[in-house]
Amino acid sequence: MSGYEFDFFISYARRGTVQQWLMNHFLRKLKDCLADQFAPTPRIYVDKEMPRAVHWPSSLRHALKRSKIMIQLLNPQYFASPWCLAEWHNMLERERVLGLAGLDRPQGLIYPILYSDSDNFPPEGKHRGWVNFKEFAYPDPVYQQTSEFVRFHHAVNELAADLVALAQQVPPWQADWPDVDPPDPVLAPTPPLPRF
């Protein structure tokens, strides 16, 4: 199969509360709001919905290569994760090849959402305008029962409209997109054998 398979690839760190926030609130709300903005509903790749028995490093690389835009969920752990950095550098390299996110064409293919902090980001993590979601960074399910969740919905709906507009401007897919080598998979240590 060739061409784009996903409109958006969500890149996030597994440490901290951002993963809980993504799965408890943001992903479902983003899917619903994207469906309200465009038909057919834009497709999102997130590794938590990966089919069973797939080789996950290959699945991630395949999905990123066939995604139009990468959504970064930024927290300090993002810049400490070798996998997040590999995903980020892949899209930076694609932008470089296409002449995007530069002086002549400042719009890029990386869409940062600030989840937490920003004071401790490396300098290169501060070079792009982000959407600030720090005020909505409540990972627990009870957040959905608060009046603040209405404001969260409006913020995600505005973000979805912006993403749909950007996705329609993405250059055509190319089979030779750059592919930065990812780090070695993190394997769980072998449990010790019981002693008798």
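Mentor: Helices (H or I, at least four residues) and strands (E, at least two) are DSSP runs, numbered from the N terminus. This is a predicted model, in which local features need pLDDT of at least 70 and side-chain atom pairs count only at pLDDT 80 or more, while totals for chains, interfaces and linings use all residues. Residues are numbered from 1 along each chain as its sequence is written, and side-chain values use heavy atoms, with hydrogens and water left out.

Trainee: Where do Arg151 and Glu148 lie?

Mentor: Both are in helix H4, 3 residues apart, which is about one turn of the helix.

Trainee: What makes Arg151 and Glu148 a salt bridge?

Mentor: The term requires a side-chain nitrogen of Lys or Arg within 4 Å of a carboxyl oxygen of Asp or Glu. For Arg151 and Glu148 the closest N and O atoms are 2.5 Å apart, so the pair qualifies. By this rule the count comes to 9 salt bridges.

Trainee: Why is Glu148 called partly exposed?

Mentor: Buried means under 20% relative accessible area, exposed means over 50%, and partly exposed is in between (1.4 Å probe, protein chains only). Glu148 has a relative accessible area of 31%, so it is partly exposed. Arg151, at 36%, is partly exposed too.

Trainee: What ties Arg151 to the loop between strand E5 (131-132) and H4?

Mentor: The side chains of Arg151 and Glu135 meet in a salt bridge at 2.5 Å, N to O. Glu135 lies in that loop and Arg151 in helix H4 (residues 148-167), so the pair ties together parts that are 16 residues apart in sequence. Glu135 is partly exposed, with 40% relative accessibility.

Trainee: Why is strand E4 (residues 110-114) called largely enclosed by the rest of the structure?

Mentor: E4 gets that description because 5 of its 5 residues are buried. Ile110, Pro112 and Leu114 cover one side, and Tyr111 and Ile113 the other.

Trainee: What makes E3 and E4 a strand pair?

Mentor: Two strands pair if DSSP finds at least two bridges between them. E3 and E4 have 5 bridges, so they pair, and in the parallel sense. One of the bridges has Ile71 with its partner Tyr111 in E4. The chain crosses from E3 through H3 to E4, and this β-α-β crossover is right-handed. Right-handed means that, with the strands pointing away from the viewer, the path from the first strand over the helix to the second runs clockwise.

Trainee: How do you know that E4 and E5 pair as well?

Mentor: There are 2 bridges between them, and at least two are required, so E4 and E5 count as paired, again in the parallel sense. Among the partners are Ile113 and, in E5, Val131.

Trainee: What is the order of the strands in the open sheet?

Mentor: The sheet has 5 strands in the order E2-E1-E3-E4-E5, with parallel pairing. Strand E2 (44-45) and E5 stand at the edges with a single partner strand each, so one side of each has no neighbour in the sheet.

Trainee: What makes Ser11 buried, and what does its side chain join?

Mentor: Ser11, found in strand E1, has 0% relative accessibility and so counts as buried. A polar contact is a pair of N or O atoms within 3.5 Å; within protein, one must be able to donate a hydrogen and the other to accept it, and residues adjacent in sequence count only if both atoms are side-chain atoms. The side chains of Ser11 and Glu87 are joined by such a contact at 2.5 Å.

Trainee: Why is Glu95 called buried?

Mentor: Glu95, in helix H3 (residues 82-98), has 2% relative accessibility and therefore counts as buried. A polar atom of its side chain lies 3.2 Å from the backbone nitrogen of Ile110.
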